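Q: I have a new structure on my screen. Could you show me how to read its features?

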Amino acid sequence: MVKEPDCNLIKVYETLLTTFGPQNWWPAEGPEEMIIGALLTQNTTWKNVEKALANLRSHNQLSFSAISTLPLPELQKRIKPSGYFRQKSERLKALATAIINAGGLRQLAQKETLDLRTWFIALKGVGPETADSILLYAFKRPLFVIDAYTLRICKRHNWLPSSTDYAKAQNYFSCQLAPDPAIFNEFHALLVQIGKNFCRPKNPLCKKCPLNHLLD
Ligand code: SF4
């Protein structure tokens, strides 16, 4: 499963899994809800996304078919808690329509991983992080998701230079870990726990952090 048993990342993964236990991500009921949530979570907290998802669910509109036919003002009303609701409503509607026109998720799942990634990134509002989240959590493809938490942790530990970009950071993880979607899934979720609870943008709580022993 793992290529290099002594590398930093494996120690990090084991420490986090022992500390927090399995995170059972993504918090969604099925791939459709996961993908909708992945787009809504841009530039906001998951709490706000949950409110938007609950609005859609309570109106029986938490699906690509409902979203693709929903008038924009109504969609904006539903997803307003997630912020940037005008922009997100257009992008979400376009994403839902594109998936339906492509034959649905089962048809898209026939694509090779990099083709599928390219397909999603070509959609407006879907960048590498959103695309990789979708590929990892909805399609179970082995792509490591790099988010702001992961970058901050890696840079503070000097695992990555401050100038590193998304692709280099992703490569850093891919080179050290075997391409196992289950591990990538769990590892990303565990890093989010650290980022939220300890490795804050200002005043990180290093003394209490489970990764403290891995600091230089
Ligand atoms: S030990 Fe400090 S720098 Fe490292 S992850 Fe924890 S809070 Fe961040």
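Predicted model: local features only at pLDDT ≥ 70, side-chain atom pairs only at ≥ 80, totals over all residues.

Q: What makes the ring pair of Phe144 and Phe184 edge-to-face?
A: Look at the distance between ring centres and the angle between planes. Centres within 6.5 Å make a pair, and planes over 60 degrees apart make it edge-to-face. Here the centres of the Phe144 and Phe184 rings are 5.3 Å apart and the planes meet at 65°, so the pair is edge-to-face.

Q: How many aromatic pairs does the model have?
A: The count is 12 aromatic pairs.

Q: Where in the chain do Phe144 and Phe184 lie?
A: Phe144 is in the loop between α9 (128-138) and α10 (148-156). Phe184 is in helix α12 (residues 181-197).

Q: Are Phe144 and Phe184 buried or exposed?
A: Check the relative accessible area; under 20% means buried. Phe144 has 0%, so Phe144 is buried. Phe184 has 1% and is buried too.

Q: Which residues form an aromatic cluster with Phe144 and Phe184?
A: The cluster also holds Tyr13, Tyr172, Phe173 and Phe187.

Q: How is helix α9 placed, enclosed or exposed?
A: Count its buried residues. In α9, 9 of the 11 residues are buried, so the helix is largely enclosed by the rest of the structure. Among them are Asp132, Leu135, Leu136 and Tyr137.

Q: What do the buried residues of α9 pack against?
A: Their partners are α2 (31-40), α8 (113-121), α11 (166-176) and α12.

Q: What should I check for a charged residue such as Arg141?
A: A salt bridge needs the charged atoms within 4 Å. Arg141, in the loop between α9 and α10, is buried yet has no salt bridge. The nearest side chain of opposite charge is Glu112, 6.2 Å away.

Q: Which residues does Arg141 touch?
A: Leave out residues up to four places away in sequence. Then the contacts of Arg141 include Ala109, Glu112, Leu116, Leu135 and Pro181.

Q: Are Asn24 and Asn158 buried or exposed?
A: The cut-off for exposed is over 50%. Asn24 has a relative accessible area of 64%, so Asn24 is exposed. Asn158 is exposed as well, at 56%.

Q: Where does Ser65 lie, and what does Ser65 touch?
A: Ser65 sits in helix α4 (residues 64-69). With a relative accessible area of 47%, Ser65 is partly exposed. Beyond residues up to four places away in sequence, Ser65 touches Glu32 and Ile100.

Q: How do I read the largest pocket?
A: Take volume, then lining. The largest pocket has about 690 Å³ of space. Of its 23 lining residues, Thr41, Thr44, Glu129, Asp147 and Tyr149 are closest to the centre. The elements giving two or more residues are α9, α10 and α12. α12 gives the most, with 5 residues.

Conventions:
Residues numbered from 1 in each chain as written. Heavy atoms only, no water. Phe/Tyr/Trp six-rings, centres within 6.5 Å; stacked < 30°, edge-to-face > 60°. Helix = DSSP H or I, 4+ residues; strand = E, 2+ residues; numbered from the N terminus. Buried < 20%, exposed > 50% of the residue type's maximum accessible area, 1.4 Å probe, protein only. Lys, Arg positive; Asp, Glu negative; His and termini not counted. Contact = heavy atoms within 4.5 Å. 1 Å grid on protein atoms, 1.4 Å probe; cavity = no way out; pocket = protein on both sides within 12 Å on 5 of 7 lines; lining within 4 Å. Points joined across faces, edges and corners; volume = space filled by probe spheres on them.
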